[in-house]
4 protein chains.
Amino acid sequence: MNKNNFAAVPPMGWNSYDYYDTAVTEKDIKANADYMAKYLRKYGYEYVIVDIQWYAYGAGTQREFYQYIPFGKVEMDSYGRLLPCQERFPSSADGKGFGPLAAYVHEKGLKFGIHMMRGIPRDAAHRHLVIKGTDVSADIVADPASICDWNPDMYGLRDCPASQAYYDSLLELYASWGVDFIKCDDICNTHAYKERPYMGKHEIEMLHKAIEKSGRDIVLSLSPGPALLEQAAHYSTFANMWRITDDFWDSWELLQKMFIYCERWQYQVAAGCWPDCDMLPVGRIGKGFGKERDTNFTREEQKTMLTLWCLFRSPLMIGAELTKLDDWTFELLTNQELLEMMKGDYRPRQIRRDTESAVWMTDSVNNGSTVVAVFNMKEEENTVITDTEEWNRFGRLCVEKETKSVKDMWTQKEISMEEGRISVSLPAHGAAVFRVL
Amino acid sequence: MNKNNFAAVPPMGWNSYDYYDTAVTEKDIKANADYMAKYLRKYGYEYVIVDIQWYAYGAGTQREFYQYIPFGKVEMDSYGRLLPCQERFPSSADGKGFGPLAAYVHEKGLKFGIHMMRGIPRDAAHRHLVIKGTDVSADIVADPASICDWNPDMYGLRDCPASQAYYDSLLELYASWGVDFIKCDDICNTHAYKERPYMGKHEIEMLHKAIEKSGRDIVLSLSPGPALLEQAAHYSTFANMWRITDDFWDSWELLQKMFIYCERWQYQVAAGCWPDCDMLPVGRIGKGFGKERDTNFTREEQKTMLTLWCLFRSPLMIGAELTKLDDWTFELLTNQELLEMMKGDYRPRQIRRDTESAVWMTDSVNNGSTVVAVFNMKEEENTVITDTEEWNRFGRLCVEKETKSVKDMWTQKEISMEEGRISVSLPAHGAAVFRVL
Amino acid sequence: MNKNNFAAVPPMGWNSYDYYDTAVTEKDIKANADYMAKYLRKYGYEYVIVDIQWYAYGAGTQREFYQYIPFGKVEMDSYGRLLPCQERFPSSADGKGFGPLAAYVHEKGLKFGIHMMRGIPRDAAHRHLVIKGTDVSADIVADPASICDWNPDMYGLRDCPASQAYYDSLLELYASWGVDFIKCDDICNTHAYKERPYMGKHEIEMLHKAIEKSGRDIVLSLSPGPALLEQAAHYSTFANMWRITDDFWDSWELLQKMFIYCERWQYQVAAGCWPDCDMLPVGRIGKGFGKERDTNFTREEQKTMLTLWCLFRSPLMIGAELTKLDDWTFELLTNQELLEMMKGDYRPRQIRRDTESAVWMTDSVNNGSTVVAVFNMKEEENTVITDTEEWNRFGRLCVEKETKSVKDMWTQKEISMEEGRISVSLPAHGAAVFRVL
Amino acid sequence: MNKNNFAAVPPMGWNSYDYYDTAVTEKDIKANADYMAKYLRKYGYEYVIVDIQWYAYGAGTQREFYQYIPFGKVEMDSYGRLLPCQERFPSSADGKGFGPLAAYVHEKGLKFGIHMMRGIPRDAAHRHLVIKGTDVSADIVADPASICDWNPDMYGLRDCPASQAYYDSLLELYASWGVDFIKCDDICNTHAYKERPYMGKHEIEMLHKAIEKSGRDIVLSLSPGPALLEQAAHYSTFANMWRITDDFWDSWELLQKMFIYCERWQYQVAAGCWPDCDMLPVGRIGKGFGKERDTNFTREEQKTMLTLWCLFRSPLMIGAELTKLDDWTFELLTNQELLEMMKGDYRPRQIRRDTESAVWMTDSVNNGSTVVAVFNMKEEENTVITDTEEWNRFGRLCVEKETKSVKDMWTQKEISMEEGRISVSLPAHGAAVFRVL
């Protein structure tokens with residue numbers, strides 16, 4: 001079993017968080033799955049992810065006070081494993097968990113994913129629940145000082161065999177439901193203790209082992225970021241995706257910062273090992289957060305975002321409520337020329353970046369193909385120039401100077417090239433991307 | 001009501017921690033109170049303090065794994081207030097709490113104190129217990145992200161009126177028992193979050209208010225240290241004592257470091273405001289920690305410690321099991337000449353300190369008295385010289401050069417003085433202390 | 001010799017920096033001295049201080065590029081001691097240094113002070129100049145890694161006897177000129193190396209010794225701040241004043257922050273030991289900085305500033321060009337009732353402080369006097385209430401409840417008092433201060 | 001011009017530092033070049049590097065006080081460019097600089113390199129020397145606050161055109177001498193200011209441009225480490241090698257730490273972009289440091305070191321005095337099987353690492369070759385097991401389970417393999433390395 005085969009290309013799909021926050025229901029999941037199967041699957045989108053607190057009763061009902069209600073009621077089995085809240089996920093009744101919903105998604109030809117928090121429920125520890133297949137109770141494995149600073153649900157697990165048994169029991173359950181993807185939170189960067197930002201290191205390894213033991217190809221995605229650069233090898237060895245940024249939303253400031261993160265993480269991009277730029281906050285978002293809106297990004301910024309995500313080969317998880325997707329956004333998300341670079345052996349490289357512009361490239365030795373993107377980081381129109389000399393310094397293929405013109409994948413306009421040099425005029429925060437080989 | 005009157009001189013007494021750790025019983029407390037009343041009260045020792053986890057069942061029984069058993073059974077009332085563990089404190093049965101034990105101590109002419117942890121029991125929060133006199137439950141006031149990193153029992157309280165109500169209910173209970181002193185832990189320096197070492201600031205103010213509301217003169221002592229120098233005014237305004245060091249034990253390294261802490265905190269020493277050097281690990285200690293022993297300090301080091309504590313006017317809390325006190329240690333703790341400086345308007349000042357020696361002084365304007373102490377910081381014999389010129393630079397009274405000799409309060413030997421200059425030969429880590437006015 | 005006698009009360013005077021920056025001349029100094037002698041001396045102002053780079057040629061001529069011209073021409077003797085730039089200080093010709101100017105100031109009944117940078121001129125080190133009275137050259141004592149990050153003139157000195165010899169030679173020269181005050185810079189907080197903010201510790205001790213050797217009572221003032229709280233005893237032992245803030249200018253934000261600094265340093269205020277709030281940026285300031293202006297402070301803010309400085313007993317150094325002083329500012333600076341608290345045995349205490357208001361007090365046991373000040377920290381009108389209970393908790397004297405009214409020292413208006421309680425309405429950022437005993 | 005072609009494989013050669021410190025002479029350089037040409041060139045060793053302070057008179061003569069004499073005499077031209085000290089490099093007389101020595105080295109079929117410090121000589125700034133081809137003097141471009149904390153010779157350069165002109169003039173000179181390699185110090189990690197560890201960022205770019213302008217293929221090597229992981233793209237874009245460690249010496253602790261550094265930097269290894277593990281402290285070293293010795297490494301540790309360096313493709317710079325090389329060390333450095341992996345398209349990956357063992361691999365798609373190394377991190381004998389499953393997870397080629405045995409490149413012994421699994425017994429700190437494809 002080789003975890004790099006579970007996600008040989010960057011996962012693409014939809015995640016409930018940006019629109020629903022903690023309050024997504026089975027009905028919502030199905031509606032989005034329906035839409036994806038019908039309109040988006042053909043472009044490569046296939047994962048449907050139920051994000052945080054699917055086990056919590058009352059989730060989202062006290063939004064003016066808390067994002068996560070402390071010490072609230074949760075659905076949990078006698079082994080301390082969280083189960084779907086039956087009010088929101090009625091098909092989970094009678095101990096069926098996410099089995100029926102996963103089956104629904106699978107029937108659509110899609111894959112099913114869920115969110116989880118590192119650790120064991122605090123409530124299980126206080127109640128001394130016994131871990132499945134062991135005679136060890138949760139209070140023994142729960143580390144009372146290992147908490148998440150932004151979510152009150154769990155205690156981290158100590159580094160001991162019974163903790164592995166707990167994760168094994170969890171993944172066994174998830175595999176039995178048919179889960180294809182887990183997004184584990186409070187683990188990629190454990191914010192709570194600034195001086196110990198990787199305190200769940202052993203838990204990452206345990207989750208990896210538990211997946212292997214489960215016998216099911218379950219993609220392991222780690223949150224939140226920013227991931228720790230010095231742990232790059234550890235992420236690559238045990239996980240499939242790891243968030244390189246804190247929560248990403250529809251603000252230019254955050255998008256600008258993503259160029260820095262992508263610069264840093266470009267070398268780690270490999271089959272089964274995907275530095276993750278987070279969900280795409282496009283279309284309709286924010287309802288669960290009490291501020292439903294169209295994305296605050298301009299269209300140019302959205303093109304910049306998609307261009308960067310695709311060249312960098314970040315996983316693409318749509319944040320929008322799919323059933324409300326407008327035509328422009330649909331086109332944005334399904335640019336086939338651009339999505340092509342998510343596949344195969346494309347390898348990204350930043351060519352340069354400063355406060356005014358950025359230039360990226362990606363190439364595929366198998367396809368004999370090289371693609372270049374130019375970005376305008378300024379608040380106003382700006383001309384970005386690039387040439388074969390710099391492409392050839394960073395790429396694996398040689399681009400000859402003789403090319404006469406290239407075509408922007410967004411506008412489909414030809415851009416003329418002279419002696420290997422190209423000059424592109426871009427609107428504020430805009431991007432162009434073109435195949436040069 | 002003026003909290004500075006509760007402890008107009010530094011509190012002196014005995015604390016159960018150094019000998020018993022978490023496992024002290026009612027019988028032990030009484031035995032030590034008996035001893036204190038009989039032999040030590042006349043020297044000013046009057047507080048008998050029950051230290052940490054008097055509410056916990058099984059405390060100390062899993063010492064090879066934990067100091068504090070996580071998620072263990074505790075005695076707690078329906079308002080979420082911890083009560084004495086009945087197995088160890090049988091007189092607390094029938095809801096009488098520490099009332100009978102406090103009465104026993106009071107009858108001996110002594111004062112009674114207890115330890116407490118900042119916050120509300122985790123268990124109370126998970127069980128949604130309702131706070132006395134309110135309709136607010138513990139899960140509302142408990143901050144799930146405010147924990148102690150070394151003890152698993154409590155959650156810190158949010159800054160809201162119901163939290164004040166909880167502390168009010170606690171102090172009301174303690175006052176009803178007859179408590180004279182509380183040592184509140186995880187509050188002076190909140191280690192858990194290195195970047196927020198004073199996260200219980202509002203809780204200190206709440207405790208102060210709760211004491212005032214209780215109508216009883218209850219000394220407020222804050223732990224653990226090192227206290228934060230930039231919060232000196234805050235401690236002085238709301239507390240009576242605050243620990244300026246992390247846990248102090250019988251090691252020269254720690255004693256040496258105390259000179260630095262005392263240097264830093266000398267300016268804050270005032271009636272009702274006592275920077276605290278922690279318990280005196282003398283005599284028999286360490287039983288509850290599984291390493292019962294005589295103190296590791298040499299006799300010279302012990303004299304150095306007592307000299308510093310007394311000149312600095314640190315509270316004096318004996319760590320030894322009193323019933324096992326040997327004669328030499330008894331003499332050490334009851335040097336009346338030295339203890340004199342704990343009283344009245346004595347004000348300490350460090351004169352100088354380097355890696356080889358230190359010189360301190362203290363003076364009383366009321367008594368017209370000035371006392372000087374010299375310390376040998378070296379591992380070998382060392383001669384320390386000091387003179388009227390430096391005393392007069394730091395003191396409030398003027399010492400004339402004409403004095404002919406002074407007498408060491410430890411050895412009772414005369415030390416000759418010439419032209420205002422005195423030269424004292426001291427053994428390794430030793431001290432001498434003498435009245436110069 | 002006792003350095004605490006050099007400045008038994010906080011020094012008061014005028015400093016050239018706020019108006020002239022690096023470009024002050026002998027003529028300017030004399031004009032300000034003339035004014036001070038005529039109008040301000042009677043109120044206690046007596047120091048005339050020549051601030052930074054009096055030795056530099058061309059100082060201030062490249063202000064658009066640098067505050068301090070790097071590697072510029074300086075006046076220096078053959079021992080590596082900086083001398084006044086003759087172009088700006090013509091009376092210093094023929095090796096007379098600041099002698100004639102000091103004499104001029106002394107004749108007016110005033111005291112003369114100068115600025116200096118920690119260390120030895122970089123140029124002296126590169127030129128291997130020999131230190132007076134030794135055969136050691138500057139390159140041996142200069143530490144090439146000990147620099148100031150904001151001024152390029154000097155190297156710090158190594159901790160060795162020849163460094164002491166250099167400082168001795170410097171103070172010998174200054175004493176021969178008749179200098180009464182040195183403001184040594186880059187020493188109180190050595191910014192350059194964030195992790196070594198007290199790298200000139202040994203140089204402070206050397207300066208103290210050099211002053212003692214000089215035989216002249218020269219006040220030692222240390223800059224810049226913020227001073228390090230944990231070094232309070234060190235400052236108190238070796239210096240007379242130390243800056244508790246970074247450069248202070250006419251902004252409410254900085255004034256607000258000063259309340260925090262004063263809270264922290266209140267315990268160190270003592271004869272000869274003055275935590276220093278920096279110059280008073282009132283009247284006409286800023287010319288040398290290319291932005292000559294009237295102070296940006298409102299009148300209320302200026303009253304708040306003077307009230308705080310006087311209660312706290314900060315040294316009072318006027319920043320305004322004195323010859324341009326308007327009547328209102330003159331009155332501000334010469335409030336005799338307020339200046340009274342700079343003298344005798346007044347001891348300040350902060351009573352409380354939050355984001356809306358602050359209350360301070362000071363008392364003199366000798367005078368049997370207690371003074372209270374109330375401050376409005378809000379941007380709008382605000383009522384501040386205070387009472388005898390809190391005064392008596394912090395003061396050394398007891399104020400009885402029977403007082404009927406007090407008088408604001410600024411407005412001279414009576415404020416009524418009822419049952420020991422007083423309620424004062426204050427304009428935005430305003431203050432009132434009144435004697436309660 | 002593409003800097004990645006200057007060093008398409010990791011540079012190999014000899015560096016004067018480990019044996020000579022600051023005191024190497026022309027004669028020493030020639031002797032080592034002679035040896036290299038005769039015995040080592042055939043194995044790929046070709047660079048002869050003159051390390052630090054070749055411009056300084058008296059270098060090494062005050063070793064008990066300083067490594068680098070502050071403010072000492074240096075050889076410098078009128079443009080502020082340092083020249084070889086004529087006493088140690090007599091052939092540099094008459095303005096010939098390193099031209100004759102470079103020519104000598106070139107005649108031997110070798111390449112010639114020199115060390116340089118970031119910035120411009122302090123002395124040039126103080127003397128206002130004018131930069132070649134400009135009318136700007138050194139005091140204008142030198143940043144007086146940009147210094148090196150361990151070497152007193154230079155000031156960093158401001159980010160301005162005249163600084164570029166200075167570096168251009170420097171590289172023009174070096175190119176005219178025939179320099180093939182510069183090791184620029186105080187630039188990869190600028191220790192002096194902990195909070196600004198990359199303050200020479202613009203200077204790296206300037207050096208790169210100056211090399212391009214010089215028209216000569218000069219390898220750019222940056223020191224000291226540890227390089228900053230978040231600047232990986234910047235190093236890769238502008239330099240050929242960068243030190244990933246602080247100075248490396250012959251201690252197991254440092255060698256152990258190198259495994260961590262190699263883990264972190266493995267993804268950056270590419271043609272023209274070489275993370276650098278520093279010189280090989282083998283054979284006779286330390287003379288200039290006053291402790292001439294044989295390396296403190298055991299033979300096993302040396303094999304571990306060479307194995308790691310070669311698999312990781314670190315540049316290989318011999319630290320030993322070559323003329324004193326013993327046979328065993330010669331064999332160590334010239335293991336052709338191992339050196340093979342320094343060439344072509346080999347790409348390293350750490351497979352795993354813990355406190356007991358480490359496993360690395362490297363593969364060449366062009367050669368169809370995969371090599372695996374196992375390391376024993378323990379102080380005692382230890383068996384390390386590895387198998388095809390993990391190789392195939394990290395490698396680019398597929399190793400079939402059918403292989404029957406492999407051969408250790410150090411011992412030439414066969415190691416049997418069973419069902420794709422191999423078990424190797426290793427002595428303390430030992431290594432084995434074998435081709436599996």
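Copies are superposed by least squares on the C-alpha atoms of residues with pLDDT of at least 70 in both. The model is predicted, so local features need pLDDT of at least 70 and side-chain atom pairs count only at pLDDT 80 or more, while totals for chains, interfaces and linings use all residues. Residues are numbered from 1 along each chain as its sequence is written, chains are lettered from A in the order in which they are written, and side-chain values use heavy atoms, leaving out hydrogens and water.

Chain A contains 13 helices and 20 strands, where helices (H or I, at least four residues) and strands (E, at least two) are DSSP runs numbered from the N terminus. The radius of gyration of chain A, taken over C-alpha atoms, is 22 Å, close to the 22 Å that the globule rule gives for 437 residues, so chain A is as compact as a globular protein of that length. That rule is 2.2 Å times the number of residues to the power 0.38. Along its principal axes, the C-alpha trace of chain A spans about 75 × 40 × 40 Å.

Next comes the way the copies are arranged. Chain C is superposed on chain B by a rotation of 180 degrees with 0.0 Å of shift along the axis, at an RMSD of 0.0 Å. Y267(C) comes closest to this rotation axis among the residues of chain C, with its C-alpha at 2.8 Å. The same surface serves both copies, as 100% of the contact residues of chain C recur in chain B.

The interface itself can now be described. Contact, meaning heavy atoms within 4.5 Å, involves 21 residues from chain C and 21 residues from chain B. About 1,700 Å² is buried between these chains, and carbon and sulfur atoms give 45% of it; buried area is the accessible area (1.4 Å probe) that two parts lose on being put together, summed over both. E230(C), Y267(C) and R393(C) supply 36% of the area that chain C buries against chain B, more than any other three residues.

Charged partners also meet here. Two salt bridges are counted between chain C and chain B, each being a side-chain nitrogen of Lys or Arg within 4 Å of a carboxyl oxygen of Asp or Glu. One of them joins R393(B) to E212(C), with the closest N and O atoms 3.1 Å apart. Helix 7 (201–214), helix 8 (232–238), helix 9 (252–265) and helix 13 (388–394) of chain C each supply at least two residues of the side that touches chain B.
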